[in-house]
Amino acid sequence: MFRVATFNLENLDDGPDADPPLGERLAVLRPQLLRLRADVLCLQEVNAQKVAGQRVRSLAALDALLAGTPLAEFHRAATLGPSGSGPADAHNLVVLSRFPIVATAQHLHDLVPAPSHRMTTAEPPGDSPAPVRWDRPALACELALPEGRVLHVINVHFKAPLAANVPGQKLAPFVWRSVPGWAEGMFLASVKRAGQAFETRLVVDRLFDREPEALVAVCGDVNADEGELPVRMLIADEMETGNGALAPRALVALERSVPESQRFTVVHHGRRQMLDHVLVSRALMGWLRSVEIHNEDLGDEFAMHLGVRHAPESLHAPVVATFADPSRTEGEAAP
């Protein structure tokens, strides 16, 4: 039996600019991690810090968070920044695993080239098309389960539904100069998010090409509810493709196992949203035993930003699923 979880830590950082300070966050986040009892944990928004004497940044804030927990001894994989020699300054993806990580791959425009777009509302106007690149890669890992089984885990963090930057169209970080400028920013954000979903779906289908009954889990902050385009693209339900022969390639959204009243990972302005997902292949679905969403103490992100200074928690709830190899007898655990 093993547990797979996803958790957006929301800008986990350390240093003089960290707000709130890391020490205040540890007291809140560490119990959440321990409660997950995860064997495989996908984390989003892990920032990297400069360390004296080191050429590249390190995940020192994450090391501090994991210190003294079983997760500190887990195998680890993390995305690399643009230089390819270390993590990015902000919003890295990290996979922690009790099982050995035998292969990793980072996917950022290696399967889907960046589409081109000529800015319409930019000041000054764009004179030629420019590539629209995704904000973050996807991190694919192969984990060695007992008895030669392989678990494929893909950690993702898609673009938020906030307007992307359009040169000359902002008066302040969240104040737009014009409605057309804001609308073009929303269009660009939608392209980025859909593009990430498309590239991740290609990663999944390549796995099925090699291994039709692959054990696959796509985990992370998709920044979309189940009925929205990015999640629909990842799931690829046969009702969408219209082809029953493609049904074995569909993924299943595990939050469907949770009562609808509890099916949310973010609260925004009173609206409950399921933005963080664990989506699994049909083969892995056969191993499923239970699903939990730890949202009992989840605050409203809109109200928190207005009314709470230095809020230490993440405003995303973790999702955790328990699996057991059906070939084992009841109660028999994996070594």
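**View 1. Phe2 is a buried residue of this predicted model.** Its relative accessible area is 4%, where buried means under 20%, exposed over 50% and partly exposed in between (1.4 Å probe, protein chains only). Trp287 is buried too, at 5% relative accessibility.

**View 2. Phe2 and Trp287 form an edge-to-face aromatic pair.** The rings lie 6.1 Å apart centre to centre, with 65° between the planes; rings of Phe, Tyr and Trp (its six-membered ring) pair if their centres lie within 6.5 Å, and planes under 30 degrees apart count as stacked, over 60 as edge-to-face and the rest as tilted. Phe2 sits in strand β1 (residues 2-12) and Trp287 in the loop between α6 (282-285) and β17 (288-293), so the pair ties together parts that are 285 residues apart in sequence. Helices (H or I, at least four residues) and strands (E, at least two) are DSSP runs, numbered from the N terminus.

**View 3. Four aromatic residues gather in one cluster: Phe2, Phe99, Trp287 and Phe323.** The structure holds 3 aromatic pairs.

**View 4. Here is an open, mixed sheet of 6 strands, in the order β5-β8-β9-β12-β16-β13.** Two strands pair if DSSP finds at least two bridges between them. At the edges, β5 (101-107) and β13 (251-253) each pair on one side only. Within the sheet, β9 (residues 150-157) and β12 (residues 215-221) run parallel, joined by 7 bridges; look for Asn155, whose bridge partner in β12 is Cys219.

**Notes.** Residues are numbered from 1 along each chain as its sequence is written. In this predicted model, local features need pLDDT of at least 70, side-chain atom pairs count only at pLDDT 80 or more, and totals for chains, interfaces and linings use all residues, while side-chain values use heavy atoms, leaving out hydrogens and water.
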